[in-house]
Number of protein chains: 2
Amino acid sequence: MAAMTTDTTGAAARDDASRPGGPADSPFVRACRRQPVPHTPVWFMRQAGRSLPEYREIRANVAMLESCRRPDLVTEITLQPVRRHKVDAAILFSDIVVPVAAAGVDLDIVPGTGPVVAEPVRTAADVQRIRPIGRDDVPYVDEAVRMLVKELGDTPLIGFAGAPFTLASYLVEGGPSRNHVKTKALMYGDPELWHALAGRLAEVTLAFLRVQIAAGVSAVQLFDSWAGALSEADYRRFVLPHSTTVLSGLADAGIPRIHFGVGTAELLGAMGEAGADVVGVDWRTPLDVATRRIGPDKAVQGNLDPCLLFAPWPVIEAEVRRILDEGRAAPGHVFNLGHGVLPETDPEVLTRVVALVHELSARPAEGA
Amino acid sequence: MAAMTTDTTGAAARDDASRPGGPADSPFVRACRRQPVPHTPVWFMRQAGRSLPEYREIRANVAMLESCRRPDLVTEITLQPVRRHKVDAAILFSDIVVPVAAAGVDLDIVPGTGPVVAEPVRTAADVQRIRPIGRDDVPYVDEAVRMLVKELGDTPLIGFAGAPFTLASYLVEGGPSRNHVKTKALMYGDPELWHALAGRLAEVTLAFLRVQIAAGVSAVQLFDSWAGALSEADYRRFVLPHSTTVLSGLADAGIPRIHFGVGTAELLGAMGEAGADVVGVDWRTPLDVATRRIGPDKAVQGNLDPCLLFAPWPVIEAEVRRILDEGRAAPGHVFNLGHGVLPETDPEVLTRVVALVHELSARPAEGA
């Protein structure tokens with residue numbers, strides 16, 4: 001697999017990945033493609049992170065943004081949950097503001113707060129200062145993905161990016177926000193500036209994911225974590241065109257595209273229309289209901305409430321069974337949480353959930 | 001109306017209120033009852049509070065809990081938005097933790113944080129310490145409501161209480177929470193203790209609202225602000241029975257009962273089943289869609305996004321028109337925001353919205 005390290009298109013990596021049993025033929029990728037699988041694949045949003053003691057150890061004296069920019073750390077942190085939990089996919093350890101920082105926005109990730117932007121975006125000039133990015137702006141991501149693809153072997157790696165609305169919210173609010181009031185005020189008050197900002201962020205995101213695809217990721221997930229703050233009408237008018245730029249813009253890569261947000265009961269259909277192969281669903285909407293809203297041509301991902309991991313095991317087991325049952329209504333199901341792993345989660349519970357999903361969903365090797 | 005001040009059942013107040021043109025015949029109460037109205041009534045959640053300079057002035061040196069316990073302040077703060085905006089209803093100024101504090105729970109409302117509970121509820125003994133309450137535990141509420149009913153004349157006063165789930169979340173988490181993880185862990189891990197806690201809180205809430213009803217409120221609203229954190233299955237199992245204790249327990253009072261939560265797209269039908277006459281809807285679900293989920297025998301309340309109030313006036317106007325149009329699909333519509341007024345809202349915009357709702361919805365006096 002040494003050839004992959006000098007490949008700049010990802011084609012060689014993909015050719016190799018698609019061999020029988022390779023990452024492109026893995027249960028995870030097959031489920032995303034709505035193909036038969038030997039078992040329901042499972043991974044966890046935020047599986048690489050604060051719930052793991054080995055993560056907290058490695059991050060002890062390293063700031064968040066620095067850890068996202070060191071290929072050795074990104075690789076190690078991304079691999080930790082794969083080793084520990086035997087999940088069916090790795091997801092690149094990063095932060096949604098990494099490409100924005102690479103595009104020239106002055107920001108930091110403050111422990112206990114989240115991303116803090118030095119000068120929130122207010123004007124067209126502010127938008128202009130967000131530069132286009134390419135491989136050379138995020139060489140550490142390119143390097144980390146290439147190292148990971150080698151290390152992971154047959155386990156697929158999911159590329160990671162934040163979607164334009166969620167990124168824009170951080171940039172306009174200046175940090176995390178409960179109500180996104182400045183962001184919405186900008187949308188409603190200056191739609192032209194809003195679309196310029198979201199359009200610019202879509203280009204940055206598209207470029208960020210293209211770097212990951214060229215380096216060999218087997219799928220991508222676009223996180224629009226806060227899209228659920230919007231009505232469907234506002235989502236369709238202000239957000240969908242830009243998420244479509246990203247997701248439909250990656251159609252030629254030929255790898256599954258997952259689109260996820262929280263509190264998106266009313267948005268599931270629209271989010272699928274952005275060009276997703278898989279729509280992530282939070283715990284509020286049962287997967288069979290979600291499938292009716294999303295339509296029969298997309299797989300679903302989800303949707304155990306992260307808070308359920310603090311319940312006694314028999315309660316967790318019953319919920320996992322329910323979700324697997326409801327997921328059978330979908331043409332493809334990737335088991336996951338309905339939102340990210342909470343920091344105080346017991347990692348041993350996550351490991352047990354992986355084993356349980358595999359055990360309960362094991363099928364004859366029809367897809368081999 | 002002097003007789004009302006010594007009435008302990010609310011019967012005299014109600015008899016007087018139901019005279020033609022009295023509060024029980026007001027557009028607000030009529031809309032709640034799905035009766036014809038001369039115009040769509042409008043009020044705003046959190047209309048009495050931080051968006052008003054006259055409120056900030058009166059609260060300058062008074063702590064939140066103290067302000068809820070002084071009948072003169074409660075009366076003045078409750079009246080402020082009625083005077084200023086000409087809304088169709090007043091809502092009793094209070095805080096959802098007021099009855100819980102009256103029941104013996106040691107807590108404070110910390111500026112910038114919210115309610116903070118000294119010893120979070122963990123055990124059956126903690127639940128036992130939450131005492132039943134009656135009129136003598138909240139005399140200031142009784143007094144304030146009686147003063148308000150006199151001052152308000154034909155404008156109806158809405159009674160105010162937090163619902164068992166939202167109250168329980170504060171008590172279990174010890175304060176405001178993003179994920180309600182301890183609350184859910186208690187639900188799943190010790191359902192018996194959960195039901196004991198929620199049942200006790202339902203009794204406290206019921207008693208708190210009965211005091212307000214006896215003193216003459218024309219309607220009540222039960223705020224389950226955080227219920228949207230739950231799936232419908234969990235809501236039905238862990239919350240609905242207790243909200244039903246409150247709302248169905250007030251059926252004999254013969255006044256409209258409004259039930260509201262945020263992010264409740266999947267819960268609207270269930271929330272109506274708790275015994276509500278009116279279901280509050282946040283901005284994520286259009287009112288015509290909400291009506292299909294709630295059913296034809298309940299009115300709806302909502303649902304302008306509070307962030308929209310920061311938009312240019314033509315945008316607000318278009319949204320108000322849309323909501324009035326969608327609200328025509330419901331058998332009764334009370335115009336409101338989809339969540340509380342944000343502190344930084346320009347109060348003049350609220351005043352304009354009231355006038356616009358009245359103007360756009362004016363109908364011949366068919367309901368006179």
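Contact means C-beta atoms, placed from the backbone, within 7 Å.

This is a predicted model; local features need pLDDT of at least 70, side-chain atom pairs count only at pLDDT 80 or more, and totals for chains, interfaces and linings use all residues. Residues are numbered from 1 along each chain as its sequence is written, while chains are lettered from A and ligands numbered from 1 in written order.

## The interface

In chain A, 22 residues are in contact with 22 residues of chain B. Helix H10 (residues 181-189) of chain A gives the most to this side, with five residues. Helices (H or I, at least four residues) and strands (E, at least two) are DSSP runs, numbered from the N terminus.

By class, the side of chain A that touches chain B has 12 nonpolar, six polar and four charged residues. Nonpolar covers Ala, Val, Leu, Ile, Met, Phe, Trp, Tyr, Cys and Pro; charged covers Asp, Glu, Lys and Arg; the others, Gly among them, are polar.

## The sheet

Chain A has an open sheet of seven strands, ordered S1-S4-S5-S6-S7-S8-S9, with parallel pairing. Strands S1 (90-91) and S9 (333-337) of chain A stand at the edges, each with a single partner strand, so one side of each lacks a neighbour in the sheet. Pairing requires at least two DSSP bridges between strands.

S1(A) pairs with strand S4 (residues 157-162) of chain A over two bridges, in the parallel sense. A:Ile91 has A:Ile158 in S4(A) as its bridge partner.

Terms used:
Two residues are in contact if their C-beta atoms, placed from the backbone, lie within 7 Å.
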